[in-house]
Amino acid sequence: MLDTIVKNAMIPQGDELVKANILVEDGKIVGITRKEFEARNVIDAEGNMVLPGCIDSHTHFMDPGFTHRETFTTGCRAAAYGGITTVIDMPCCSVPSVRGVPEMEHKLEAIKPQALIDFALWGGVTGEDVREEKHFRIVREQAEAGVVAFKVYMTPSVPSYPRVTDPEMLETFKAVAETGLPVGIHAENFAMTDFYTQKFIREGRLDAPAWAEARSILAEKVAIELGISFAEEVGARLHIVHMSTGIGARLVGEAKMRGLDVTSETCPHYLVLNYKDAMSEYGAFAKIAPPLRTEEDNEILWEGLQNGSVDFIATDHAPYEIATEKAKQGMTIWTAFPGIPGVETMVPILVSEGYNKGRLTLSQLVDVLSRNAAIHYGLYPKKGAMFIGSDADFTVIDLDREWIINKEDQQSMAKYTPLHGMKLKGKVVKTIVRGKVVFDEKKGIMVNPGYGQFVKRQTISKLDKVIRFPSINDIF
Ligand SMILES: [Zn+2]
């Protein structure tokens, strides 16, 4: 008898939803059919939309080392509640930070027993590694160990993960280019953000929007321009992480038109919030780097998701402890830690504000939530697809359900969000990983810590080199 059937699923076929039953054996899709099958496990999707498992390719789950903020288990819980089946965790927010295979193995030892959903890892390389002339070696070794990309910071972040100067960034690009993997940059010009931050502090500004004004749109623009120049020079695959500006989307679009391998992601908060409103209302709870921007930026980034200059969506989930890191006595907008949680709200926001409001077609929704990140990071078509042989990872969404984001209800240890109070239409009702229900809205989390698996890079692939699989209608 068949292992598992996901029945009454409305699955995406181009821009149409088609009713089907998905057959699962050993955690993989073995058939998609209109016929009825007996199975030991029956998962009823109840006519809801079933997407290929959604991927958050940019998380900081803080483990090991910063577990007063989040543990890998609480991060996975929040992600599963939010319909995420795979996360790709960043190298910087752990002790030690990941800047080589030994640190990567240390992290894996800590997080593997805690994982509820599948996960891959970003590799790390810093300015200090370049100064010590070991960047080529550590990049090569981490690539061989299965990381999917490398992260570089142009501005200071975690003290144990030093930023790069401009020439150090060029050096990291050369090292990563040799591996064929993407290099993701935190794109803000350090000299500019630092100068205006010091200036505003001297002038005594303590209003929350000052944080955003000190880190200007121009500072992101020139950082992206430099990144593109360097990538073109050395043939690196450049990825702009958490891109916040409309001008950024235009620059990435132009670089693509010139044939460069430049990609970008944006985050839900850069699509639906602007700095003036959100920072005035939520203060440090809306403090992130890069900062929230303007309504005009929101709209251009939506256009970017439509026209492909923004390749996919990710959260930059970075929770902090309210009592000590966000709202400690005497803390100002300058000293509170920058970061917000996001894994739980990414999919619902894209469904509600993107698909349900007509900004994204169904195929665009699938591309930006699942397919494109899987391709970009070499996890495709194991992840990010509903092919025969793909992992049976699904995000089940009730498209009509109306609900309101409540900071207190979040599964993340961070009980704050500048999205608090936002009304949405569309809710995650089940999250399925390799054929098992990990989250069910009526029952909560259904697997034990350790169920989630470490996924290594499968192939080095490029977005434009992948040909769409024939329609599933051919398989019926
Ligand atoms: Zn980040």
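In the predicted model, strands β6 and β7 (residues 84-89) run parallel and are joined by four bridges. Within this pairing, aspartate 56 is placed opposite valine 87 of β7. Both strands belong to an open sheet of three strands, in which the order is β6-β7-β8 and the pairing is parallel. The edges of the sheet are formed by β6 (54-59) and β8 (118-121); each has a single partner strand, so one side of each lacks a neighbour in the sheet. On average, and with direction ignored, neighbouring strands of this sheet are turned by 20° against each other.

At the level of the whole chain, the domain assignment divides the protein into domain 1, comprising 2-50 + 389-399 + 425-474, and domain 2, comprising 54-376. A distance of 27 Å separates the C-alpha centres of domain 1 and domain 2. To the contact between them, domain 1 contributes 32 residues and domain 2 contributes 39 residues.

The side of domain 1 that touches domain 2 draws at least two residues from each of β15 (394-404), β16 (423-433) and β17 (436-440). Of these strands, β16 provides six residues, the largest share of that side. Sorted by class, the side of domain 1 that touches domain 2 consists of 17 nonpolar, eight polar and seven charged residues.

Note on methods
Residues are numbered from 1 along each chain as its sequence is written. This is a predicted model: local features need pLDDT of at least 70, side-chain atom pairs count only at pLDDT 80 or more; totals for chains, interfaces and linings use all residues. Domain bounds come from an automatic or database domain assignment. Two residues are in contact if their C-beta atoms, placed from the backbone, lie within 7 Å. Ala, Val, Leu, Ile, Met, Phe, Trp, Tyr, Cys and Pro count as nonpolar, Asp, Glu, Lys and Arg as charged, and the others, Gly among them, as polar. Two strands pair if DSSP finds at least two bridges between them. Axes are lines fitted to C-alpha atoms, for helices over the stretch in contact, and angles run from 0 to 180 degrees between N-to-C directions.
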